[in-house]
Amino acid sequence: MYIPKSIKKKHKSIYFQSEQGFSVNSKEKEEKALKDKCKVIAVANQKGGVGKTTTAVNLGVALGLAGKKVLLVDADPQGSLSQGCNIGNPDALETTLSELMSYEMTGEDKDYLLINNAIKQFETVDLIPSNISLSGTETALFNCMSRESVLKRTLEPLKDKYDVILIDCMPSLGMMTINALVAADSVIIPCDPSYLSVKGLDLLLHSIAKVKRQINPDLKIDGVLLTMVDFRTVNARDITGALRDAMGNNINVFNIEIPRSVRATECPNAGESIFVHDPKGKVADAYAILAKEVIGLERKAQVRSRSDSVR
Ligand code: ADP
Ligand code: MG
C-alpha cells in the first residue's frame with residue numbers, strides 16, 4: 001500500500017519515542033490518543049439500493065489512496081460489501097463479523113487471533129466481511145446485555161490501528177443499524193434523487209436523533225450524499241435542488257454528487273473498486289472528491305475541538 005512521506009514522518013516520531021522507553025502511563029496515553037484519532041463512520045439509509053455499499057467501498061478505497069488506514073465493516077447479512085471487495089462466496093467464510101460480535105456477547109476477554117482471522121485485505125483497505133449468519137446474530141442481540149453497544153465494543157480494540165472505520169449498514173432501522181449508529185462518530189447518508197428516497201430521510205433522521213439523545217450524544221451527521229445522479233434529467237435536478245433547500249443550514253449535503261454510470265454497476269461483479277475498474281471515469285473522480293470533503297470535515301472538527309479546549 002502506498003503511504004505518503006508525511007504519514008511516515010508522523011509515525012517516525014512515535015517510533016523514536018518508543019525507543020526511548022515509555023512509562024506505562026505515557027504508553028496508555030499514546031494508545032488513547034490513537035483511538036481518539038480513529039473516526040468511525042456509519043454509511044446508513046434504511047432504503048435499499050441507494051448506493052450505501054458502493055459508497056462504503058469507493059469512499060474507503062479513496063481514503064486509502066489518500067494515505068489513510070481504512071477498515072471497512074460489512075454490517076449487512078447480504079454480504080454485498082464483502083462480495084464487492086472480491087470475496088466470491090462470503091457464506092463459505094468461517095470467521096466474520098457475526099463470530100466477532102457473538103464472542104463479544106459472551107463477555108469473555110478479546111480473542112485477538114479471532115479478530116485477525118476475520119480481517120481480509122482489499123486494494124487499499126482492510127475488511128471485516130459478513131454473511132447470512134449475521135441475521136442470527138441480530139436476533140441474538142435482543143437477549144443480550146447492553147445490546148445496542150455490542151458492535152462498538154467489538155470494534156474498540158481495532159481503533160488504534162485505523163484512521164477511519166466505515167460501517168456499511170443494512171437496509172433497515174433494526175438492531176444492527178442501531179448498533180452501527182452507537183459505534184459511530186458520524187453518519188453519511190447516501191440518497192438517490194427519487195421522491196421516495198428523499199421522503200424516507202425523515203424516518204432515518206428521527207432514528208439518528210433518538211440514538212443521539214439516548215445513547216450516543218456525540219453522534220454527528222457528516223452529510224447527505226446524492227448518488228446515481230443523472231444530470232441530464234430534469235427530475236433529478238429538481239429533487240437535488242429541493243433536497244438542498246429542505247436541509248438548509250441544518251444538515252450538510254455534500255457538494256459533490258455521485259453521477260450515475262454503467263461502469264459503477266459493473267464493479268461488484270468484477271470484484272473491483274471504481275478506482276481499479278474505471279480509474280479515469282467520472283464516478284472515480286467523484287468519490288476522490290468526496291474523500292477530500294470527508295477529510296476536510298475531520299480537519300474542521302479538530303480545529304474546533306482545539307479552539308474549544310483553549311477557551
Ligand atoms: P445499497 O447498499 O444502498 O443497497 P448499492 O450500493 O448496492 O446500494 O447500489 C444499488 C445498485 O445501484 C447496485 O446495483 C449498484 O451497482 C448500483 N449503483 C451504485 N452506484 C451507482 C452509480 N453511481 N451509477 C450507477 N449505478 C450505481
Ligand atoms: Mg448494501
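Trainee: In which sense do strand E2 (residues 70-75) and E5 pair, and over how many bridges?

Mentor: Two strands pair if DSSP finds at least two bridges between them, and strands here are DSSP runs of at least two residues, numbered from the N terminus, as helices (H or I) are from at least four. In this predicted model, E2 and E5 pair in the parallel sense over six bridges, Val-73 having Ile-167 as its bridge partner in E5. Strand E1 (residues 39-43) also pairs with E5 in the parallel sense, over five bridges, and there Val-40 has Ile-165 as its partner. Residues are numbered from 1 along each chain as its sequence is written, with chains lettered from A and ligands numbered from 1 in the order in which they are written. Because the model is predicted, local features need pLDDT of at least 70 and side-chain atom pairs count only at pLDDT 80 or more, whereas totals for chains, interfaces and linings use all residues.

Trainee: Which residues of E5 lie on each side, and are they buried or exposed?

Mentor: In a regular strand the side chains alternate between the two faces of the sheet. A residue is buried if 20 or more other C-beta atoms, placed from the backbone, lie within 10 Å of its own, exposed if 12 or fewer, and partly exposed in between. Val-164, Leu-166 and Asp-168 on one side, and Ile-165, Ile-167 and Cys-169 on the other, are all buried, so E5 is largely enclosed by the rest of the structure.

Trainee: Why does Glu-123 count as partly exposed?

Mentor: Glu-123 is partly exposed because 18 other C-beta atoms lie within 10 Å; this residue is found in the loop between strand E3 (120-122) and strand E4 (125-128).
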